[in-house]
Amino acid sequence: MKPELSAPQTLVEHLPEEWEALLRQWGEPRFRALQVFRWIHQRGVLDPEQMTDLPKALRARLAEGGLAAPVEVARVLESGDGTRKLLCRLGDGREVESVLIPRGAVAAADIYAPQQDDEDGPQQGAPRAAVTQCISSQVGCAMGCSFCASGIAGLKRQMTAGEIIAQVIEGRRVLGEAARLSGVVLMGMGEPLHNYPAVARALTLLNHPEGIRMSLRRVTLSTSGLVDGIERLGRDFGGQVGLAVSVHAPADPIRTRLMPVNRRHPLQELIAALRAYPLPPHRRITVEYTLIAGINDAPEHARALCERLRGIAVKVNLIPMNPVPESPLGAPSDGAVEGFQRTLRQHGVDVFVRRRKGDDIAAACGQLALHGEKAKVRTHTG
Ligand code: SAH
Ligand code: SF4
């Protein structure tokens, strides 16, 4: 159940046992390992100079070794509905975005909100607002989906585990005492399973009992359907990580047109992988379905989708397409969205429509900007 992790790429992403090995080489006592790890992950302190209970020489060595914040929050944009978008600048100047979504304010936060049985113990004092954070896993994306600006722009580079987890560390800082980070969704820029080693390490860090201690049941990973990655995720984390899958079409020809990955992993194979995912009892897989005018939004598509999903524990999340300038594909009519939803309901499928929120700060799906590139393109997030 424990994932086999490849070697850490940066100091920030070291696990306690890796800190121990490194610090041993530096001649430091064993207990320093947990001290450093807790500074980073519990207290969110990434600057060695601020790790005040470490000896000066060790602080200097950590700084020389490159321990520093991998992500700088360049700007925070706040929407009228409480959604906040963080522009995260990486070390090489590239930017990715992350979104803080208060539960209740946005449909997506409720859809992916952890279930009641996962609640932490009794809360002390006044209840704090629960917030779900949507994070990115790559700069751009290699999957080439025709409705998605990051797909059209292509992959700029992979993110390190340190950069991925640092979005959460910075998100918690932005929230401060006022709110509680109750869940994380990997639905920002990028295909998380195409950066599996870094994502698996970031999940391990996020969940670590000496760190942020987030239950993996409060984490949802969204994938375009990389079947081997789904299997690996299920194996490595025992099905604890919530799975959302971008299905977007009930038949191979339409899906291949929208998502080139369907050539490699056609629907039948993908659906078999969903069936095999080792979900804990009472949990369901989220099927994401972006509705695109005239392509996949007719009642017969809805009926065919129900056929495909028969017998699997799923809920369907309909996302009316957010048009992007690079793609000729367009948003469905309100009538088509309602009709699609109705057909699914009639077949006994649980279905939600992800309403467009955070629009005024361009934080809805299809609206996150890929900064630091020549062309200003827009991309999506959950
Ligand atoms: N790469 C992963 C995770 C991020 S995308 C994936 O594809 O699943 C989060 C969701 O937004 C996906 O379901 C994706 O298909 C959808 N999406 C992307 N671009 C969109 C757009 N322009 N309008 C609506 N949904 C979009
Ligand atoms: Fe990549 Fe997901 Fe966009 Fe497809 S929808 S291009 S997989 S980010």
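User: In this predicted model, how do the axes of helix 12 and helix 13 lie to each other?

Analyst: The axes of helix 12 (residues 299-309) and helix 13 (residues 334-346) come within 9 Å and cross at roughly 35°.

User: What makes the crossing of helix 12 and helix 13 right-handed or left-handed?

Analyst: A crossing counts as right-handed if the near helix is turned clockwise from the far one by less than a right angle. Helix 12 passes helix 13 in a right-handed crossing.

User: Which residues of helix 12 and helix 13 are said to meet, and on what grounds?

Analyst: Contact requires heavy atoms within 4.5 Å. On that criterion, Pro299, His301, Ala302, Arg303, Leu305 and Cys306 in helix 12 meet Phe340, Thr343 and Leu344 in helix 13. By class, six nonpolar, two polar and one charged residues make up this contact.

User: How do you know that strand 11 and strand 12 pair?

Analyst: Two strands pair if there are at least two bridges between them. Three bridges join strand 11 (residues 314-320) to strand 12, and the two run parallel; Asn317 stands opposite Phe352 in strand 12.

User: What is the strand order of the open sheet?

Analyst: The 10 strands follow the order 1-2-3-4-7-8-9-10-11-12, with mixed pairing. Strand 1 (71-78) and strand 12 (351-353) each have a single partner strand, so they stand at the edges, with one side of each left without a neighbour in the sheet. Neighbouring strands of this sheet are turned by 25° against each other on average, direction ignored.

User: What lines the second largest pocket?

Analyst: The lining of this pocket has 12 residues, and Lys2, Pro3, Thr204, Asn207 and Phe237 lie nearest its centre. Helix 7 (196-207) and helix 8 (227-237) are the elements that give two or more residues to the lining. By class, the lining has five nonpolar, four polar and three charged residues. The space in the pocket is about 200 Å³.

Notes: Residues numbered from 1 in each chain as written. Chains lettered and ligands numbered in written order. Predicted model: local features only at pLDDT ≥ 70, side-chain atom pairs only at ≥ 80, totals over all residues. Heavy atoms only, no water. Helix = DSSP H or I, 4+ residues; strand = E, 2+ residues; numbered from the N terminus. Axes fitted to C-alpha atoms, helices over the stretch in contact; angles between N-to-C directions. Nonpolar A, V, L, I, M, F, W, Y, C, P; charged D, E, K, R; others polar. 1 Å grid on protein atoms, 1.4 Å probe; cavity = no way out; pocket = protein on both sides within 12 Å on 5 of 7 lines; lining within 4 Å. Points joined across faces, edges and corners; volume = space filled by probe spheres on them.
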